[in-house]
Amino acid sequence: MKATFSLFFFLAFLQNSFAQDLPHQMTEQETILWKNYVAPVNPLFTDPPVSPVRGIAEWEELQGLIITWTSFQSILRQVVDYAQEEGEVFIICNDSNSVRTYLQAGGVPLDNVNFLITSFNSIWVRDYGPWTAYTNDIDTLSIIDWIYNRPRPLDDASPVFFANYISSPIYQTTAPPYDLIHTGGNLMVDGHGTAFSSKLILNENQTKTEAQIDEIMNKYLGINRYIKMNTLPYDVIHHIDMHIKLLDEETLLVGQYPAGVADGPQIEANLQYVLDNFQTCFGKPYKVIRIPMPPENGQYPPQGDYRTYTNSIIINKTVIVPTYELLYDTTALRIYREAMPGYNIVGVNSNAIIPSLGAIHCIVKEVGVFDPVWISHSKMEPVVKTPVSIPIQAVIKTKSGISSASVLWTSDTTTGFNSEPMQFISGDTAIGYIPAQPDSTVIFYYLSASSNSGKTVAKPLVAPDGFYKFVVENSVTNSEDDFHPEVFYLSQNYPNPFNPATTIKYSIPASSFIQLKVYDVLGNEISTLINEEKSSGNHEVTFDAAGLPSGIYFYTIEAGLFTESKKMILLK
């Protein structure tokens, strides 16, 4: 793209850009250039899509990843090696021969590697690269592009180049009234119309109201609920992928610092804001998984580098995680494996790149498939109380139509899965039934759908290696004390609303150190109900709110890596 400064100055800038490894943040020279930078307008691409669109989530089926081949080539080579096993790798580069040679020297196959010969300014393709969206949820794959928040015109041109490369329509937010400055590292979407960003999006578009920004995101990316969090004090670039990540529609992976350290207090405040005010696209509380933010030589930002494990990429059945130091990496990779069973969790040492304020997620951009089979399903609750058959429901869509859909389930994964057909009951909504089960049975299940075009996709994508599970509870004769749950579970308090006391029940599958605390709406700790080792089983505790004012309160349980919060109302 081009700018309004002089041609001489512009060419000098481009030459300088190729001569250095541009960091994630603006350089001093770029800060000056940005004051007069104007993105060009191509009237062919500036109108929003006519049909409603749906921006895809990272865990959906992908045809591959885009990277830009410049600095940090050892890291890029490892990313290419892992990614080419899961799909196509599109490499933006100046010279394909040198890239081929370097990849082959590292033993990387080239079967799924595509070379896109074009110019560029930097490695940070997450921020300037194309975003995939589908018209009418699953129809035409379209490319969405905005004004890159850096004066790097060659980077900013890459979405148009890529759209032409794959012959997809492109829609750009570059002309009034839909002009929008944005950056990919500051956007996280769930594939169901919810998006998360830091308030950087507001700060960089001060000529627009928040409502106008929301309208643009709705028209171009199908966002109907745009959640914006306060920026962090020490995160220089204010990109949320440095400290938080959606693992699926219902699970937030959140970076955690020691109490009171670095950006920890603001991250916790932002998380509490989300939990207090929003639920998942399925109307349930978000599940929160904590992952430590590792120090550098014992130091956290601003003294140490902004090391983060949330800056990972999900590409089909593999998750590529930045790593730094074995002492901390072991824990981080274990958390990923426990949170995402069935996925291939791999690490790439990112010590070389993290001083530039980015890691793995920052240097890749996912691309959706041309013919998606989209399965939207809210996971069953950890404990399902029913003596009869168990309904499993989902919305299933594809352009060519669904030829068949099934619920696959078992109570013993070593013996394989049983298949139950799903029937469409209304539009794209299908339902299947798992037969009634004995009390305390653990059920493992997943969904599968096939399109008329011959494609079969599972939910979760890694099934049957990964699956969902729940416990059936249907007997009133069994004592709760004799029931040993298979999963952690925090019940809704009862009664709710309450005055002045209420009961909170929870289940733990193995002896664990339990903390159960109550907080007010500002995040202040009100009471510690439990702070001790508890044995496996079902437990309950009473919260007496005598002396507290009416209002909304939250109770949070922590048991090892399991954390969950629920809302309760004191009504006097």
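## Exercises on cavities, a pocket and a surface patch

By class, 10 nonpolar, 3 polar and 5 charged residues make up the lining of the largest cavity. The model examined in these exercises is a predicted one.

**Exercise 1.** Describe the largest cavity by its volume, its lining residues and the elements that supply them.

*Solution.* Begin with the space itself, which comes to about 160 Å³ in the largest cavity. Two or more lining residues come from each of the elements β9 (188-189) and β12 (244-248), and β12 provides the largest share, with 3 residues.

**Exercise 2.** Work out which residues line the second largest cavity, and which classes they belong to.

*Solution.* The second largest cavity has a volume of about 30 Å³, and its lining consists of Ile144, Trp146, Thr173, Leu180, Ile216, Met217, Tyr220 and Leu221. The elements that contribute two or more residues to this lining are β6 (141-148) and α9 (210-221), with α9 giving the most, namely 4 residues.

**Exercise 3.** Locate the second largest pocket and characterise its lining.

*Solution.* The volume of the second largest pocket is about 510 Å³. Its lining holds 25 residues, of which Gln256, Glu268, Arg290, Tyr519 and Glu558 are the closest to the centre of the pocket. The elements giving two or more residues to the lining are α10 (264-277), β14 (287-292), β31, β34 (551-559) and β35 (562-570); the most, 6 residues, come from α10. By class, the lining of the second largest pocket divides into 10 nonpolar, 9 polar and 6 charged residues.

**Exercise 4.** Find the nonpolar surface patch that contains Val521, and explain why Val521 counts as partly exposed.

*Solution.* The patch on the surface is formed by Val521, Leu522, Ile552, Ile569 and Leu571, which together have about 460 Å² of accessible area. Within the chain, Val521 is found in the loop that runs between β31 (512-520) and β32 (525-534). For the exposure class, recall that buried means under 20% relative accessible area and exposed means over 50%, with partly exposed in between. Val521 has a relative accessibility of 46%, and therefore counts as partly exposed.

Terms used. Residues numbered from 1 in each chain as written. Predicted model: local features only at pLDDT ≥ 70, side-chain atom pairs only at ≥ 80, totals over all residues. Heavy atoms only, no water. Patch = residues over 30% accessible without salt bridge, like charges linked within 9 Å, V, L, I, M, F, W, Y side chains within 5 Å. Areas by Shrake-Rupley, 256 points an atom, 1.4 Å probe, with all protein chains shown as cover. Salt bridge = Lys/Arg side-chain N within 4 Å of Asp/Glu carboxyl O. Buried < 20%, exposed > 50% of the residue type's maximum accessible area, 1.4 Å probe, protein only. 1 Å grid on protein atoms, 1.4 Å probe; cavity = no way out; pocket = protein on both sides within 12 Å on 5 of 7 lines; lining within 4 Å. Points joined across faces, edges and corners; volume = space filled by probe spheres on them. Nonpolar A, V, L, I, M, F, W, Y, C, P; charged D, E, K, R; others polar.
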